[in-house]
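The sequence and the structure are shown first, and the description follows.

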Amino acid sequence: MAARHQDDIAVVTDKQVSPPPPLYKVLLLNDDFTPMEFVIHVLEHFFHMAREQATLVMLKVHNEGSGLAGVYPRDVAETKVRQVIDYARNRQHPLQCVMEENE
């Protein structure tokens, strides 16, 4: 709390610090039809990953069923999910992209 004096009147100001917004994980889900190369391309294009990192995430999706593409505020995560799904559908791939709250 800071106090300032203005014309013999004390003015007290509280600095309210709001908590950061909740973050959401954006995950890609495995399927048996989307080519691995396409998943790598999506990770490079929409999540700005280097080829090596994108390949590691793609292998995690392939081997474990899902892989983390990134962590974002809600509105950014929603946009990324929508962009990836639209992009995949327009190219006839069933790739799924979901978001879940980051704990």
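A residue is called buried when its relative accessible area is under 20%, exposed when the value is over 50%, and partly exposed in between. His48 has a relative accessible area of 63% and is therefore exposed. The model described here is predicted.

**Overall architecture**

The protein contains three helices and five strands, and their order along the sequence is β-β-β-α-α-β-α-β. Of its 103 residues, 30% are buried. Among the contacts with a separation of 6 or more, 66% join residues 24 or more positions apart. The accessible surface amounts to about 7200 Å², and carbon and sulfur atoms contribute 53% of that area.

Helix 1 consists of twelve residues. The distance from its first C-alpha to its last is 16 Å, close to the 16 Å expected at 1.5 Å a residue. Its buried residues are Phe38, Val39, Ile40, Val42, Leu43, Phe46 and Phe47. The cover over these residues includes strand 3 (23-29), helix 2, strand 4 (66-73) and helix 3.

In soluble globular proteins, nonpolar side chains tend to be buried together. The largest nonpolar core of this protein has 24 residues, of which Val26, Leu28, Val42, Leu43, Phe47, Val84 and Leu95 touch the most other members. Strand 3, helix 1, helix 2, strand 4 and helix 3 each give two or more residues to this core. Which element provides the largest share of this core? The largest share comes from helix 1, with seven residues.

Leu28 illustrates how these parts meet. Apart from its neighbours within four places in sequence, Leu28 is in contact with Val39, Leu43, Val61, Gly65, Ser66, Gly67, Val84, Leu95, Gln96 and Cys97.

Val81 lies in helix 3 and, at 12% relative accessibility, counts as buried. Residues up to four places away in sequence aside, Val81 touches Val26, Cys97, Val98 and Met99. Val81 and Val98 are 17 residues apart in sequence, yet their C-alpha atoms are 6.0 Å apart in space.

The loop between helix 3 and strand 5 holds both His93 and Gln92. Is His93 buried or exposed? With a relative accessible area of 18%, His93 is buried, because the limit for that class is under 20%. Beyond residues up to four places away in sequence, His93 touches Thr34, Pro35, Phe38 and Ala88. Gln92, by contrast, is exposed, with a relative accessible area of 68%.

**Positive phi angles**

Gln92 has a positive phi, near 60 degrees, although this residue is not a glycine. His48 also has a positive phi without being a glycine, at about 55 degrees. His48 follows helix 1 and is placed in the loop between helix 1 (36-47) and helix 2 (51-64).

**Surface features**

Leu23, Leu68 and Val71 form a nonpolar patch on the surface, with about 210 Å² of accessible area together. Val71 belongs to strand 4. Its relative accessible area is 35%, so Val71 is partly exposed.

A search of the whole structure finds five salt bridges.

| Salt bridge | N to O distance |
|---|---|
| Arg51 and Glu44 | 3.4 Å |
| Glu64 and Lys60 | 3.1 Å |
| Arg74 and Glu78 | 3.1 Å |

Glu64 and Lys60 both lie in helix 2, four residues apart, about one turn of the helix. Glu64 is exposed at 58% relative accessibility, whereas Lys60 is partly exposed at 39%.

Why are Arg74 and Glu78 separated by about one helical turn? The reason is that Arg74 and Glu78 are four residues apart in helix 3. An α-helix has 3.6 residues a turn, so residues three or four places apart point the same way. Arg74 is partly exposed at 46% relative accessibility, and Glu78 is partly exposed with a relative accessible area of 30%. Elsewhere, salt bridges that share partners join Glu37, Glu44 and Arg51 into one network.

Terms used. Residues numbered from 1 in each chain as written. Predicted model: local features only at pLDDT ≥ 70, side-chain atom pairs only at ≥ 80, totals over all residues. Heavy atoms only, no water. Buried < 20%, exposed > 50% of the residue type's maximum accessible area, 1.4 Å probe, protein only. Contact = heavy atoms within 4.5 Å. Areas by Shrake-Rupley, 256 points an atom, 1.4 Å probe, with all protein chains shown as cover. Expected span 1.5 Å × (residues − 1). Patch = residues over 30% accessible without salt bridge, like charges linked within 9 Å, V, L, I, M, F, W, Y side chains within 5 Å. Salt bridge = Lys/Arg side-chain N within 4 Å of Asp/Glu carboxyl O. Core = buried A, V, L, I, M, F, W, Y, C linked by side-chain atoms within 4.5 Å.
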